[in-house]
Amino acid sequence: MADAGRIKKECKNFEQMIPDYLEGRLSLEKSRMLIGHLRKCTDCNEEMEINYLLTEGIKRAENGETLDLKVELEKLISHTEHRIMTADRLKTALQIVGIAIVFAIAVFLIFRFG
Ligand SMILES: [Zn+2]
């Protein structure tokens with residue numbers, strides 16, 4: 001494969017984000033990039049599962065609970081996706097409000113000085 005090297009490098013960046021993501025320290029913007037990549041990269045997906053097993057699995061074991069790895073990880077990821085979606089909607093709403101305000105000011109100025 002011609003661009004295997006490039007893909008590898010990309011994966012390396014994402015793999016470094018995984019522990020931060022699981023600790024909840026990764027920004028929403030970076031989480032979005034990471035999840036987007038995980039959805040199409042099996043290698044990083046496995047890396048995520050291993051990391052999740054190591055962090056969450058140990059916690060659960062200490063509490064005597066079991067961990068359904070795939071199910072729980074999917075839950076965590078869709079929760080993040082939901083947060084990203086909500087943030088996007090909020091951003092869009094704010095943009096619309098911003099446009100409405102500019103429009104209102106323009107209309108005001110036209111009537112005042114026009
Ligand atoms: Zn990858």
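Let's start at one residue: phenylalanine 14 is buried, with 21 other C-beta atoms within 10 Å. A residue is called buried if 20 or more other C-beta atoms lie within 10 Å of its own, exposed if 12 or fewer, and partly exposed in between, with C-beta atoms placed from the backbone. Before going on, note that this is a predicted model, in which local features need pLDDT of at least 70, side-chain atom pairs count only at pLDDT 80 or more, and totals for chains, interfaces and linings use all residues. Residues are numbered from 1 along each chain as its sequence is written.

Phenylalanine 14 has its place in helix α1; helices (H or I, at least four residues) and strands (E, at least two) are DSSP runs, numbered from the N terminus. Leaving aside neighbours within four places in sequence, phenylalanine 14 is in contact with Leu34, His37 and Cys44, where contact means that two C-beta atoms, placed from the backbone, lie within 7 Å.

Phe14 also belongs to the largest nonpolar core, together with Met17, Ile18, Tyr21, Leu34, Leu38, Cys44, Met48, Tyr52 and Leu73, 10 residues in all. A nonpolar core is a set of buried Ala, Val, Leu, Ile, Met, Phe, Trp, Tyr and Cys residues joined through C-beta atoms within 7 Å. At least two residues of this core come from each of α1 (4-22), α2 (28-38) and α3 (42-62), and α1 gives the most, with four.

Now follow the chain to α4. This helix, residues 69-113, has 45 residues and reaches 65 Å from its first C-alpha to its last, close to the 66 Å expected at 1.5 Å a residue (the expected span is 1.5 Å times one less than the number of residues). Of the 45 residues of α4, the number buried is one, so α4 lies largely in the open.

How do α3 and α4 pack? Their angle is about 100 degrees, with axes 11 Å apart; axes are lines fitted to C-alpha atoms, for helices over the stretch in contact, and angles run from 0 to 180 degrees between N-to-C directions. Met48, Glu49, Tyr52, Leu53 and Glu56 of α3 make the contact with Leu69, Glu72 and Leu73 of α4.

Finally, step back to the whole protein chain, which has four helices and zero strands. Its radius of gyration is 21 Å, well over the 13 Å that the globule rule gives for 114 residues, so the chain is more spread out than a compact globule. That radius is taken over C-alpha atoms, and the rule is 2.2 Å times the number of residues to the power 0.38.
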